[in-house]
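Reader: I'm new to this one and would like a close look at a single part: the place where the two chains meet. Could you walk me through that, and then show me what lies behind it on either side?

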Amino acid sequence: MSQAVDIEDQIPGTYIFDGRAAMKGYALNKMCYSFNNAENRAEFLKDEDAYCTKYGLNDEQRKAIRERNVLAMIHAGGCIYYLAKFAGIFGLTVQDVGAQQTGLSVEEFKKRLKAQGE
Amino acid sequence: MARIIGGLTTSHIPAIGNAVPREKELVNDPYWKPFFAAYPPAREWLRKAKPDVAIVFYNDHGLNFFLDKMPTFAIGAAFQYRHADEGWGIPTIPPFQGDPELSWHIIDSVVRDEFDLTTCQEMLVDHGFTVPMSLFWPGNTYTEVKVIPVQINTVQHPLPSPARCFKLGQAIGRAVASYPKDLKVVVLGTGGLSHQLDGERAGFINKKFDLMCLDKIVNEPEALTRLSIHELVKEAGAQGAEFILWLAMRGALTGKVTKIHSSYHVAVSNTATGLLVLENAA
């Protein structure tokens, strides 16, 4: 586990989803995994708080969900593959999520992507 | 005897899954043109080669597998594989026909070879599998081939090393070569190239590294197997680690390998896209 912490120091802005994160984020990730199912997505939208309780999210995870804050979800143990299913409920793409995490507008984020191919 | 006639790799970005049904219209769209324009030579090669089976190295992104049980390597041994709702709106596509007899031959062979795979008689396949199939067999004509999904964990670290994935490919290559039926097999590696979805480094792309990988994987794949997973994350981005799936594909090509076609484009969605067609002669 310490190996992953070392590597995160070497690659700023990168989080290694390892056993440590997987334990921390289990409830949050399990809830997001449930969003593969349309009925679950509807149930979440109907009463977000009750749905978070059903999956046993802690306060940090609930706050991140309430604020739609992806970086905070990652800090709370979220894995991007499952979080993407949460973002999808609100029609957010990976570019919207990328812009949010980098503090750029979506247009600026897209421009930066394209520039890296030049 | 069965033989592996070639290997193909492609990115598997969900946005492509949304675009594929509209390819005829999007092929002239400035955003999509450079991407779709690269695929006709790959489809032409497949049309002429007429494979019977496609073995697909891909990664599940939380459709079939969750963190409750997360296999490092899993192989399908089913008669049929279905796509399903992934939560964020990619259209689902029709089922794929399996070849469980060949699956079990491969399982027997690679377990004997010390690769202890998780075997799955039921397995949903996600965009990591479906997008490449719908790209290579347009109009969902993939029903012409039987498929064997080989799923490699890229969700939860520790991920298997590039060297280990290459060796798994080699073991599957040997298994196919020892199968008594006269079958033509292609191997697919999906995902990549450089991209990162999470963290403040989201949107990271490394063209120089990608082009080096596209070049070396043809004739010097061993050089790439010396990378560690963390080096791969650093150079290709957190999700660029999917390149291990390309290395598994390359490991299965054990004959004389010739490059037929390749393409590289930045970017579709958050990802540098790569395409490669390799022929494998005895």
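Author: Happy to. Keep in mind that this is a predicted model. Let's begin with chain A, which has 10 helices and zero strands. Reading along its sequence, you get the pattern α-α-α-α-α-α-α-α-α-α. The C-alpha trace of chain A spans about 45 × 35 × 20 Å along its principal axes.

Now for the meeting place itself. On the chain A side, 42 residues are in contact with 39 residues of chain B.

What about charged partners? The rule finds one salt bridge across the interface of chain A and chain B. To find it in the picture, look for Arg41(A) and Asp85(B): their side chains meet with 2.9 Å from N to O. Polar contacts are there too, with 20 residue pairs found across the interface of chain A and chain B, both residues of each pair being at pLDDT 80 or more.

Which parts of chain A touch chain B? At least two residues each come from helix H1 (2-10), helix H2 (19-24), helix H3 (26-33), helix H4 (38-46), helix H7 (70-75), helix H8 (80-89), helix H9 (94-102) and helix H10 (106-115) of chain A. H8(A) gives the most to this side, with six residues. Sort the residues of the side of chain A that touches chain B by kind, and you get 21 nonpolar, 14 polar and seven charged.

Next, step across to chain B, where there are strands to look at. Eight of them form an open sheet in the order S6-S3-S7-S2-S8-S1-S10-S9 (chain B), with mixed pairing. At the edges sit strand S6 (118-120) and strand S9 (256-268) of chain B, each pairing on one side only. Neighbouring strands of this sheet are turned by 15° against each other on average, if you ignore direction.

Zoom in on one pair in that sheet. Strand S3 (residues 73-76) and strand S7 (residues 146-152) of chain B pair in the antiparallel sense over three bridges.

Helix H5 (residues 100-112) of chain B lies across strand S2 (53-58), S3, S6 and S7 of chain B, and runs at about 150° to S3(B). Helix H7 (residues 162-177) of chain B lies across strand S1 (3-10), S2, S3, S7 and strand S8 (184-190) of chain B, at about 165° to S2(B).

Most residues other than glycine have a negative phi, and most peptide bonds are trans. Glu114(B) has a positive phi of about 75° although it is not a glycine, and you'll find Glu114(B) in the loop between H5 and S6 of chain B. A cis peptide bond joins His157(B) and Pro158(B), with omega about 5°; Pro158(B) is in the loop between S7 and H7 of chain B. Another cis bond joins Gly192(B) and Leu193(B), where omega is about -5°, and Leu193(B) belongs to the loop between S8 and helix H8 (207-219) of chain B.

Definitions and conventions:
Residues numbered from 1 in each chain as written. Chains lettered and ligands numbered in written order. Predicted model: local features only at pLDDT ≥ 70, side-chain atom pairs only at ≥ 80, totals over all residues. Heavy atoms only, no water. Contact = heavy atoms within 4.5 Å. Salt bridge = Lys/Arg side-chain N within 4 Å of Asp/Glu carboxyl O. Polar contact = N/O pair within 3.5 Å; in protein donor to acceptor, adjacent residues only side chain to side chain. Helix = DSSP H or I, 4+ residues; strand = E, 2+ residues; numbered from the N terminus. Nonpolar A, V, L, I, M, F, W, Y, C, P; charged D, E, K, R; others polar. Pairing = 2+ DSSP bridges. Axes fitted to C-alpha atoms, helices over the stretch in contact; angles between N-to-C directions.
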